[in-house]
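Hi,

Here is the structure I promised to pass on to you. Please have a look at it first, and then read my notes below.

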Amino acid sequence: MFLDELPQFDRSVLEVMREPLESGRIHIARASHQRCFPASFQLVAAMNPCPCGHLGDPRQACVCTQAQIQRYQSRLSGPLLDRIDLQVEVPALPADQLTSPSTGESSAAVRERVLAARQRQQARGALNARLPGRELEAACALGSDERAWLADVLTRLKLSARAYHRVLRVALTLADLAGESRPTRAHLMEAIGYRQLDRLRGTNTEPKTQENI
């Protein structure tokens, strides 16, 4: 499911997605009847950084007030953001980069790496997104130093228990993509770095690099 201009949707519509995003099912109750339906889906959404769309754009100044920006961004609740694993800023590309030949990996090469990572996950008995908590912890096998570091980051960024497990899932997937047996601190840092909206909610100023975490 792709939702463009995410904050423009009615908040009640967004909040009702929390259950299927978490469990892959949706419960509907009407009078004395209750039904449960499968509702597993991948959510992809896009939004502007502010109402005018130019916050942080070096080419054009933002005309929004701080109150307008805060009101716009607060349309997305914390519990909903908790369930969005990858929150990534995509800045506008300069014209010369847009018109330059692509130097990235081919889709075929990426596909092979993704298939290999998926096979590693299936060998554990489930994809990382569906691993139960205890099995997820066992697969990550974090050392005491990594656990202490991660606990400090979670406290400073005010991340929830749900966000913690989702960070572990993303870090484990990064390790799978790299062909490594378990996540390293670098994978954990990258996974946390992808939760940009959570980081903005949890701190007064946005960290400029992953080394700030």
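In which crossing, left-handed or right-handed, does α7 pass α9? The crossing of α7 past α9 is left-handed (left-handed if the near helix is turned anticlockwise from the far one by less than a right angle, right-handed if clockwise).

Before the rest, some housekeeping: this is a predicted model, in which local features need pLDDT of at least 70 and side-chain atom pairs count only at pLDDT 80 or more, while totals for chains, interfaces and linings use all residues. Residues are numbered from 1 along each chain as its sequence is written, and side-chain values use heavy atoms, with hydrogens and water left out.

Back to that pair. Helix α7 (residues 133–140) and helix α9 (residues 161–178) have axes that come within 10 Å and cross at roughly 45°. The two are therefore oblique to each other (angles under 35 degrees count as roughly parallel, over 145 as roughly antiparallel, 65 to 115 as roughly perpendicular and the rest as oblique). On the α7 side the contact (heavy atoms within 4.5 Å) uses Leu136, Glu137, Ala139 and Cys140; α9 brings Tyr164, His165, Leu168, Arg169 and Leu172. Six of the residues in this contact are nonpolar, one is polar and two are charged.

The second pair is helix α8 (residues 144–157) with helix α10 (residues 185–193), packed at an angle of about 15° with axes 11 Å apart. That makes α8 roughly parallel to α10, and the crossing here is right-handed. From α8, Asp145, Glu146, Trp149, Leu150, Val153 and Leu157 take part, and from α10, Arg185, Leu188, Met189 and Ile192. Seven residues of this contact are nonpolar and three are charged, with no polar ones.

Last, a loop detail: Gly53 sits between β4 (44–45) and α3 (66–73) and is partly exposed, with a relative accessible area of 23%.

Best wishes

Technical notes:
Axes are lines fitted to C-alpha atoms, for helices over the stretch in contact, and angles run from 0 to 180 degrees between N-to-C directions. Helices (H or I, at least four residues) and strands (E, at least two) are DSSP runs, numbered from the N terminus. Ala, Val, Leu, Ile, Met, Phe, Trp, Tyr, Cys and Pro count as nonpolar, Asp, Glu, Lys and Arg as charged, and the others, Gly among them, as polar. Buried means under 20% relative accessible area, exposed over 50%, partly exposed in between (1.4 Å probe, protein chains only).
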